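Please walk me through this protein structure, step by step.

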Amino acid sequence: MDVFKATCHGLIFIAFTMPISLHSQCFFFFICMLLIFRITNCFTHHAYSQCLEDQRTLLLELKNDLIFNSTRSTKLVLWNQTQDCCSLDGVECDGAGHVISLQLDEEGISGGIHNLSSLSGLRYLQKLNLADNDFGGVQIPDGILNLKNLLHLNLSDAGFGGQVPIEVSLMRRLVSLDLSSFVAYQKIENPNLKMLLQNLTELRELYLDGVTIPAKGREWCQAISSSLPELRILSLQWCSLSGPLHPSLSELHFLSVVQLDGNYILSSVPNFFANFSYLTTLSLNWCHLKGSFPEMIFQLHWTHSLHDGYPDWANSRGFIMELLQRFNPTILHAQETSIFRPQWNRLEGQIPVSFFTLERLHTLDLSHNFFNGTVQLEKFKRLHNLNYLYLSYNNLFVDTSITNTSVSMFPQLFMLGLASCNLHNFPNLINLHELESLDLSNNRITGEIPNWIWEIRNGTLTSLNLSLNLLVGLQKPYHISSSLNMLDLHSNLLQGELPLLPQYANYIDYSNNNFEKSIPLNIGNFTTDLVYLSLANNSLSEAIPTSFCNATKLQVLDLSANKLSGTIPPCLVENIKQLAVLNLGWNNISGHIPDTFSVNCDLANLDMSRNYLEESLPVSLANCKSLQVLNVGNNNIDDGFPCMLPYSLRVLVLRSNRFHGQVRCSRSWPNLQIIDIASNNFTGYLYTKNFSGMMLEKDATEKNDYIHYHRGSFGGEYYRATLKVIVKGVELKFEKIWTIFTAIDFSCNNFQGEIPDATGDLSSLMVLNLSHNTFIGTIPKALGNMTHLESIDLSTNQLIGEIPKELTHLTFLGTLNLSNNQLIGPIPSGSQFQTFSADSFQGNTGLCGFPLNISCRHTDQNDNLQRPNPYHEAINWDYVSVALGYVVGLGSILWLLFFCRSFRHKFNDQTAQVFEKIFNSKDRRKRYGGRVQRC
């Protein structure tokens with residue numbers, strides 16, 4: 001220790017006596033003082049780390065009180081009374097043996113945190129970390145809030161919920177506070193942000209990501225700037241904040257990190273960001289920013305360079321002393337890395353010239369904006385430290401030509417995104433020796449995929465996206481690198497045999513191309529790490545290889561819209577326990593759906609539509625507790641209604657099969673939004689309680705969502721469900737099934753009885769089709785309560801009475817079909833009803849009024865005329881003669897059938913032939929014409 005101090009004293013003497021700059025003197029002094037402090041602290045800690053008995057007791061009490069998962073715990077589970085408590089995992093003590101730090105993050109803690117006297121007893125505690133546990137949405141307890149000496153508190157994603165307590169404001173010594181929450185609903189509303197922060201004047205780092213803070217720009221900006229003058233890091237991502245940004249933020253002179261992603265700022269980027277002299281990270285994703293980006297922000301402060309090995313902003317002796325007093329050496333390195341990410345906004349104009357001079361920048365993401373003009377990729381070559389460069393999805397024309405191909409333009413670049421940059425050729429990237437991820441998707445690149453692309457980074461490229469181009473093939477010879485984790489070639493013009501799959505890939509998408517022939521029989525043997533595979537919409541033929549069953553990590557398998565035949569391998573749904581999406585629709589698959597769904601079935605989306613499947617639905621589908629979409633439409637399945645389906649169901653399509661019987665189940669599906677059972681043989685009365693989910697008004701978050709499956713780290717929408725639905729008489733394909741969309745189609749069955757009044761309770765329903773059944777009675781007035789209805793089809797039934805005037809209240813109604821019933825009276829007048837054509841009402845002889853050419857006045861006059869007395873009317877002998885002829889003819893045929901054997905045999909033969917033709921024709925129509933609606 002003495003030797004170390006003597007060495008540092010010597011360095012300080014040299015720093016202030018040698019003829020070097022004041023900058024260098026300050027820097028040497030700063031480094032030596034920090035080293036002395038750290039080493040002294042280290043020696044002190046090791047010399048006096050004996051645990052105090054009361055501290056040991058408190059820690060063991062804490063372990064006994066907490067409820068935690070011993071299989072997930074790596075610290076608590078190892079605590080025991082024989083150990084020195086200062087050497088326990090996650091525990092740190094000061095020189096006197098007091099516990100000053102508890103790091104219990106990711107310990108699987110789920111309870112036992114309320115009113116912990118043991119935790120409150122650790123009064124010397126300075127650091128507490130309970131991040132990434134699960135406390136089930138309870139409010140932050142007093143046992144934590146009573147720790148008044150805390151300097152660092154991290155409760156991020158710990159599962160705390162509700163209002164953040166006002167007692168947080170009494171923790172006056174806090175230097176860093178992290179309450180970020182994306183796993184439970186947490187809010188700062190009453191007390192508001194200003195009250196919560198008013199006493200935390202020492203705070204340097206504030207993380208509230210995911211915490212709901214319903215405040216306007218002026219309110220939250222002033223609350224922070226007036227209370228936290230020393231703030232360095234401000235992270236308020238996805239907090240429901242609104243804008244615009246208030247100039248009071250510019251008073252935070254020491255800000256180095258600003259992260260405001262996912263808030264509704266809705267303004268231009270303010271010029272006062274130029275006042276943040278130490279800004280290193282600026283992240284403004286999804287903020288609804290607009291306008292051009294102010295160049296002045298980067299002209300002064302983001303062009304810092306290194307002199308004598310340290311930043312030039314550390315030239316103030318007073319500033320160095322301030323750092324020494326706080327012992328926070330991380331600030332010394334603040335300018336060594338710089339991040340700028342304003343993606344997913346509405347920024348426009350040309351890319352500011354100042355961006356090309358940010359030599360310290362390592363991350364630049366301008367994607368998903370409206371930047372325009374032509375930009376030369378070579379302009380970024382001054383950014384030697386650049387690791388991430390994303391220019392994707394703007395209105396840019398990126399010129400990728402390089403004047404000197406022998407020199408690497410980006411020596412440290414390992415992620416490059418040039419999607420939708422109007423490229424027509426492959427850029428020369430062979431010299432990017434560190435490149436790991438390349439995205440050239442959604443361009444106009446033609447020709448073949450060059451074989452050199454597989455050799456980037458010596459053949460160790462991990463991610464390649466060439467989708468949505470005009471590529472026709474792969475240049476030979478080629479060797480697809482086995483190091484690729486993600487390969488996306490979808491939506492090109494690629495043809496020929498299916499390319500080999502990278503051996504260790506997780507994500508592969510070859511869909512929407514022209515690949516043909518069969519799928520390699522051993523495809524599953526060499527892709528044991530595969531999680532996502534889509535070969536949809538090609539021309540692949542023959543049977544589904546059973547080797548797929550060896551790819552046990554598969555979560556998504558989409559083989560739809562090909563020419564596959566044969567049967568479904570039973571092991572496909574039995575062996576792959578993690579399979580969440582299985583789409584085999586639009587093929588030529590026959591046989592039946594295997595009844596081998598395991599008890600651990602994880603399926604969320606099962607699509608077997610438009611095949612030649614027969615028999616019944618497998619009972620084991622009930623094991624799939626997460627099933628959201630089941631589509632077996634247009635097959636030959638012969639079964640009753642599948643009441644065993646799980647409660648999670650959102651979409652059910654049984655259209656054009658041989659389902660039969662009543663639709664009456666003991667359970668309901670609270671999330672059901674689409675049910676299409678048209679063109680079957682269902683009978684009985686209509687029961688609506690099974691579809692109660694359509695009664696619910698969707699909340700704001702659900703309205704903006706659609707059915708998709710996301711697991712893993714592939715970004716974006718991992719897999720989104722698609723569906724074809726008959727809407728307004730037209731078959732439409734929904735590329736996204738929005739959770740707000742609701743539809744019932746029971747058409748072309750044999751339902752009977754009256755349409756129940758309870759149908760009107762399905763208040764969020766948008767499409768209702770009950771046509772081509774045998775419903776009787778009147779149209780329920782309660783249908784007028786279904787204010788979201790856009791389409792009603794009740795045609796070809798036996799409905800009577802007048803059209804309810806309540807239907808005119810349906811202001812969203814765009815399609816109405818009441819034709820071919822027995823309705824009478826005037827057609828109601830209303831803004832929507834005036835837009836419907838006469839076809840909507842044809843086949844109802846008793847209706848009158850617009851748009852029919854039948855006057856209701858004329859009808860009323862006819863009704864009011866005195867009807868003639870039938871007894872005074874002369875006999876019409878024409879009708880009598882017709883009736884007499886019918887009786888004579890029928891009597892003759894019956895006499896011949898009873899008394900003439902030869903006539904009876906001929907009659908039976910002819911009748912049998914007629915019925916055979918009818919039923920054979922119907923069977924062929926069901927077998928081969930299953931893709932056509934029955935009525």
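What follows is a tour of selected helices, strands, disulfides and loops.

This is a predicted model, in which local features need pLDDT of at least 70, side-chain atom pairs count only at pLDDT 80 or more, and totals for chains, interfaces and linings use all residues. Residues are numbered from 1 along each chain as its sequence is written, and side-chain values use heavy atoms, with hydrogens and water left out.

Some terms come up throughout. Helices (H or I, at least four residues) and strands (E, at least two) are DSSP runs, numbered from the N terminus. Buried means under 20% relative accessible area, exposed means over 50%, and partly exposed lies in between (1.4 Å probe, protein chains only).

Start with helix H3, residues 53-65. This helix has 13 residues. From its first C-alpha to its last it reaches 18 Å, close to the 18 Å expected at 1.5 Å a residue. The expected span is 1.5 Å times one less than the number of residues. Which residues of H3 are buried? They are Gln-55, Arg-56, Leu-58, Leu-59, Leu-60, Leu-62 and Lys-63. An α-helix has 3.6 residues a turn, so residues three or four places apart point the same way. The cover over the buried residues of H3 includes strand E1 (67-68), strand E2 (91-93), strand E3 (99-103) and helix H4 (117-120). Contact here means heavy atoms within 4.5 Å.

Next comes a loop. Arg-360 sits between strand E18 (346-349) and strand E19 (361-365). Arg-360 is buried, with a relative accessible area of 13%. His-384 is 24 residues away from Arg-360 along the chain, yet their C-alpha atoms are separated by 7.8 Å.

Now look at the disulfides. A disulfide is a covalent bond between the sulfur atoms of two cysteines. The search counts a pair of cysteine sulfur atoms within 2.5 Å. How many disulfides does the whole structure hold? The search finds six.

One of them joins Cys-601 to Cys-624, with 2.1 Å from S to S. The torsion about this S-S bond is about 95°, so the disulfide is right-handed. Cys-601 lies in the loop between strand E37 (590-591) and strand E38 (605-607), and Cys-624 in the loop between strand E39 (612-613) and strand E40 (629-631), so the pair ties together parts that are 23 residues apart in sequence. Cys-601 is buried at 10% relative accessibility. Cys-624 is buried too, at 0%.

Cys-643 and Cys-665 form another disulfide, with sulfur atoms 1.9 Å apart. Its torsion is about -70°, so this disulfide is left-handed. Cys-643 is in the loop between E40 and strand E41 (651-653), while Cys-665 is in the loop between E42 and strand E43 (674-676), 22 residues apart. Is Cys-643 buried or partly exposed? At 25% relative accessibility, Cys-643 is partly exposed. Cys-665 is buried, at 6%.

Cys-848 and Cys-856 are also joined, at 2.1 Å from S to S. The torsion about their bond is about 105°, so the disulfide is right-handed. Both Cys-848 and Cys-856 are buried.

Strands can now be put together. Strands of a sheet pair through backbone hydrogen bonds, either parallel or antiparallel. Here two strands pair if DSSP finds at least two bridges between them. An open sheet of seven strands runs in the order E42-E44-E50-E52-E54-E56-E57, with parallel pairing. Strand E42 (660-662) and strand E57 (846-848) stand at the edges, each with a single partner strand, so one side of each has no neighbour in the sheet. Neighbouring strands of this sheet are turned by 20° against each other on average, direction ignored. Angles are taken between lines fitted to C-alpha atoms. Three bridges join E42 to strand E44 (residues 681-684). Among the residues involved, Gln-662 has Thr-683 of E44 as its bridge partner.

Elsewhere, E47 (residues 723-727) pairs with strand E48 (residues 730-734) in the antiparallel sense over five bridges. Leu-723 stands opposite Phe-734 in E48. Four of the five residues of E47 are buried, so this strand is largely enclosed by the rest of the structure.

The last stop is Ser-840, in the loop between strand E56 (822-826) and E57. Ser-840 is buried, at 8% relative accessibility. Leaving out residues up to four places away in sequence, Ser-840 touches Leu-816, Asn-817, Leu-818 and Ser-819.

Technical notes:
Axes fitted to C-alpha atoms, helices over the stretch in contact; angles between N-to-C directions.
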